[in-house]
Amino acid sequence: MKKAYVYIAAIVIVVIGVTLLLLYLSKDDTSSSNPNDLSNLVESKPLPIPPLLEDVNPDPNLAEFHLTAQHGVTEILDGIESETLGYNGNILGPVIKVHEGDRVKVVMKNDLREATTLHWHGLRVDGENDGGPHSGINPGETWEPEFTIEQPAATLWYHPHMMHATAKQVYEGLAGLFIIEDAVSDSLPIPKDYGVNDFPIIIQDKQLDASGNMQYDPGMNDMMMGLYGNVYLVNGTISPYLEVPKGMVRLRLLNGSNGRTYHFEFHNGQEFYQIASDGGFLEKPVEMTSLTLSPAERAEILVDFSAFETGDEITLMDTVSELGKTISADEVEVMKFHVTNTESEAYPIPEQLTEIDTIDPADAVVTREMVMAGVGSTLTINDKSMDMGVIDEVVNLNDTEIWKVSNKRTGVQGGMAHPFHLHGVQFQVIDRDGNPPPANETGWKDTILVEPGETVRIITTFNHKGIFMYHCHILEHEDAGMMGQYEVK
């Protein structure tokens, strides 16, 4: 009998040991979904700089650019190829640079196996050329929008906007920057040598599966909250580094992610200056140590590397939102900056960047309510889901309006933040819950993050005719119907 007890005790010890081992291995497997862990599997590479797209038209009065949406293959993890989409390449697209007053034509060919569109995010343009879901381009077909640049210098972007397919196509790689210059940007003493001291920084997160593939396969949580990935890509590369001169550098940041909101800081607490938001320059630089960007928002910042030694390394971190902390680490390294021995021109921080004509709320002829609400499959704006056959709002051409955008609390936790985007215009933020906006939101905007229970009032003038969208820019929410359309006539 005593011997039986010994055997039983031995078996119990073995079972406990195996259980603890499995728990340990399971913990290791879980932690590998942490962005830092997967990033550590990749040798850091130089940051790719998207090329500037060539103007192929010799006519000085017309800038013409050719884009092709195409299938590609990209090595996200070392030695593992993922099927991706790109414009004129494997992933992402070239930078289109134009000047205020330019007449622009784009020839967009669809070489995909599915329909797509080409939306100019942030561009003041008429509905026919906006590239929303009504402007579908079937496989093998070409779309040729033409428009005049009627807005100041800004960092905009372009991406697909196909009904129920935007999230997938953007995730798989279809996105690029659209940069506008003007007389103000030409004259300002700030870095402007593209790829030398003026850099595009497109940040996106992706969900790699067990084989290292980047296939878009959202789960229920992704549909409810927007996709949160387990790796961070900058310009299509995991955890890259950028060699920077000793001096001032300009970074054009775009949150190109499907669902994640970023909270950027430098690991050393380095100060920087935000000089532009979505729609162009702020009136004055804003000194900051952290920057929040929700999906589709942009910011231009100036970073001074002159005090560092050759070989010093500075890391851009995402300190992660409260929602993000439920999915990934509290802090994530996004990319590194390697300081070289090159001395760059000294740029003092300008006291004044531009002048912005503030729109007087008294000029508004209408105030519209936009209430975002719901979770999962019940995402709505004003208790409605997107219907391509329904015009939800009608706006008179050249009218100035206030849109009161609110985020209705939902569920036990109160819901989640939603970035609200308005097509065809740039707007100004009047207030957040009755309080003045922060200094870096006092310029032109086209996307604004609205927290649960919060109300943000925005104001704009509608100067272009056509049918336009307004929607949450969490792409899974947009595809699920958290979108409406308005017509200007």
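**Aromatic rings chat**

Q: Is Tyr232 buried or exposed?
A: Tyr232 counts as buried, with a relative accessibility of 0%. Buried means under 20% relative accessible area, exposed over 50%, and partly exposed in between, using a 1.4 Å probe and protein chains only.

Q: What kind of model is this?
A: A predicted one: local features need pLDDT of at least 70, side-chain atom pairs count only at pLDDT 80 or more, and totals for chains, interfaces and linings use all residues. Residues are numbered from 1 along each chain as its sequence is written, and side-chain values use heavy atoms, with hydrogens and water left out.

Q: OK, rings. How many aromatic pairs turn up?
A: The search of the whole structure gives 19. Phe, Tyr and Trp rings (six-membered ring for Trp) pair if their centres lie within 6.5 Å; planes under 30 degrees apart are stacked, over 60 edge-to-face, the rest tilted. One of the pairs is Tyr171 with Tyr216, tilted at 50 degrees with 5.2 Å between centres.

Q: Where do Tyr171 and Tyr216 lie?
A: Tyr171 is in helix α4 (residues 166–171) and Tyr216 in the loop between β10 (198–206) and α6, so this pair ties together parts 45 residues apart in sequence. Helices (H or I, at least four residues) and strands (E, at least two) are DSSP runs, numbered from the N terminus.

Q: And are those two buried or exposed?
A: Tyr171 is buried at 0% relative accessibility, and Tyr216 is buried at 16%.

Q: Back to Tyr232. How do the rings of Tyr232 and Tyr262 sit?
A: Their centres are 5.7 Å apart and the planes are at 70 degrees, so the pair is edge-to-face. Tyr232 is in strand β11 (residues 231–234) and Tyr262 in strand β15 (residues 262–266), so parts 30 residues apart in sequence get tied together. Tyr262 is buried too, at 0%.

Q: Which charged ends sit over rings?
A: Arg124 sits over Trp444, 4.7 Å from the ring centre, and Lys206 over Tyr171, at 4.8 Å. The rule is NZ of Lys or CZ of Arg within 6 Å of the ring centre and within 35 degrees of the ring normal.

Q: Which residues do ring pairs link into a cluster?
A: Trp403, Phe420, Phe462, Phe468, Tyr470 and Tyr486.

Q: New topic: where's Phe427?
A: Phe427 is in the loop between β26 (418–422) and β27 (428–432), and is buried at 0%. Its C-alpha is 9.7 Å from that of Phe462, 35 residues apart along the chain.
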